[in-house]
Amino acid sequence: MKVLITESENFSSKAIAHLKNYFQVELATINDREELKLKIADFDVIFIRLGYKMDREIIQKAKKLKYILTATTGLDHIDVAYFESIGGKVISLKGETEFLETIPSTAEHTWALLLSLLKKIPSSFHHVKDGEWDRNLFINTNLKDKKIGILGLGRVGKQVAKYAVAFNMEIGFFDTTPIKSEFKKFETPKELFQWADILSIHIPYSIENKNFVNRELLSHTKNQSFIINTSRGGVWDEKEIATLIEKGKLKGAATDVLENELNVNSISSNKLVLLAQQNFNVIITPHIAGATKESMVMTEEFIVDKFLKLFRF
């Protein structure tokens, strides 16, 4: 079988060597959809990151494709239903709870965004780079005794909660799954949003969770609260978040994800991006929460091992 690694820069050398023991492997740096369409036709297996969406149009160009490998938990960059309907199989990190608990990167990035947002670090840094020095413009707030509401107390949510303990914060959560926890449990997301000073989103993207954080739910947020999203752009209503920031109802927002982030042409017109350009308290990073060297190596090697187990190698 032929294996294509589409974004091979900094890819685990151990994972590559392991694949080469059994398959013909080609390393590539594919930058866009058109290039991928031309490249993909002759491969049985493709290992992707998050550079583009493997939708029906792309998959139909790959007549031999049997497996899509992705070192991610979220699968909104793949048309899984279509690929499986034609006999394909997606190998991912979804459901690999025990292994994922060893990966701290998304929770660490969440906390970096939280601190940057509340402490006004990006704006104060730009102020100094411009040759200014007025601390009164950047008076901020303590984390101690603030109420952090965690929407989704799964793997990442629990890690974020542990960091909150270290900062002496009050911690509450809502989760659809029954969870025993030392933290304050809310029976509805509405109650969580009414209570929290800071909201951190950690629910998976799915059809059911699309725009879960919608206008109705956001109407219950406290005035001057903060919100952070390191899940997926599709789980909240970006336009409503932007509206609440413009009105001052939300004091700030930080996100590592945008709803249409794989459409590069949409970034410049995204409402949150536009607010950030206008110096509202908005921080956006380009889906880098999981992109630490250590985590990428660990997850790539895990996915390769998981794939090879299908053949009992």
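User: How many bridges join strand 10 to strand 11?
Analyst: In this predicted model, strand 10 covers residues 225-229 and strand 11 covers residues 250-255. Asparagine 229 stands opposite threonine 255 in strand 11. The two strands run parallel, and the number of bridges joining strand 10 to strand 11 is five.

User: What is the strand order of the open sheet of seven strands?
Analyst: The pairing in this open sheet is parallel. Strand 8 (184-185) and strand 12 are its edge strands, each pairing on one side only. With these two at the ends, the order reads 8-7-6-9-10-11-12.

User: What angle does the direction of helix 6 make with that of strand 10?
Analyst: Helix 6 (residues 105-118) packs on the sheet. The strands that helix 6 touches are strand 6, strand 9, strand 10, strand 11 and strand 12. Its direction relative to that of strand 10 makes an angle of about 150 degrees.

User: What angle does the direction of helix 8 make with that of strand 6?
Analyst: Helix 8 (residues 155-166) also packs on the sheet, where it touches strand 6, strand 7 and strand 9. Between the directions of helix 8 and strand 6 the angle is about 170 degrees.

User: Is asparagine 168 buried, partly exposed or exposed?
Analyst: Asparagine 168 lies in the loop between helix 8 and strand 7. Although not a glycine, asparagine 168 has a positive phi of about 60 degrees. Most residues other than glycine have a negative phi. Because its relative accessibility is 46%, asparagine 168 counts as partly exposed.

User: What is the relative accessible area of asparagine 211?
Analyst: Asparagine 211 is located in the loop between strand 9 and helix 10 (215-218). Its phi is near 50 degrees, a positive value in a residue other than glycine. Asparagine 211 is partly exposed, and its relative accessible area is 27%.

User: Why is strand 11 largely enclosed by the rest of the structure?
Analyst: Strand 11 is largely enclosed because, of its six residues, the number buried is five.

User: Which residues does threonine 299 contact, leaving aside its neighbours within four places in sequence?
Analyst: Threonine 299 lies in helix 13 (residues 293-309). Its relative accessible area is 8%, so threonine 299 is buried. With the sequence neighbours set aside, its contacts are Ala71, Leu93, Phe99 and Ile103.

User: What distance separates the C-alpha atoms of phenylalanine 307 and isoleucine 46?
Analyst: Phenylalanine 307 is found in helix 13 and counts as buried, at 0% relative accessibility. Leaving aside neighbours within four places in sequence, its contacts include Met1, Phe23, Val45 and Tyr67. Phenylalanine 307 and isoleucine 46 are 261 residues apart along the chain, and their C-alpha atoms are separated by 11 Å.

User: Which helix gives the most to the lining of the second largest pocket?
Analyst: The space in this pocket is about 370 Å³. Of its 14 lining residues, the closest to the centre are Pro122, Ser123, His126, Asn279 and Phe280. Helix 7 (121-129) and strand 12 (282-284) each supply at least two lining residues. The most, four residues, comes from helix 7.

Conventions: Residues numbered from 1 in each chain as written. Predicted model: local features only at pLDDT ≥ 70, side-chain atom pairs only at ≥ 80, totals over all residues. Heavy atoms only, no water. 1 Å grid on protein atoms, 1.4 Å probe; cavity = no way out; pocket = protein on both sides within 12 Å on 5 of 7 lines; lining within 4 Å. Points joined across faces, edges and corners; volume = space filled by probe spheres on them. Pairing = 2+ DSSP bridges. Contact = heavy atoms within 4.5 Å. Axes fitted to C-alpha atoms, helices over the stretch in contact; angles between N-to-C directions. Buried < 20%, exposed > 50% of the residue type's maximum accessible area, 1.4 Å probe, protein only.
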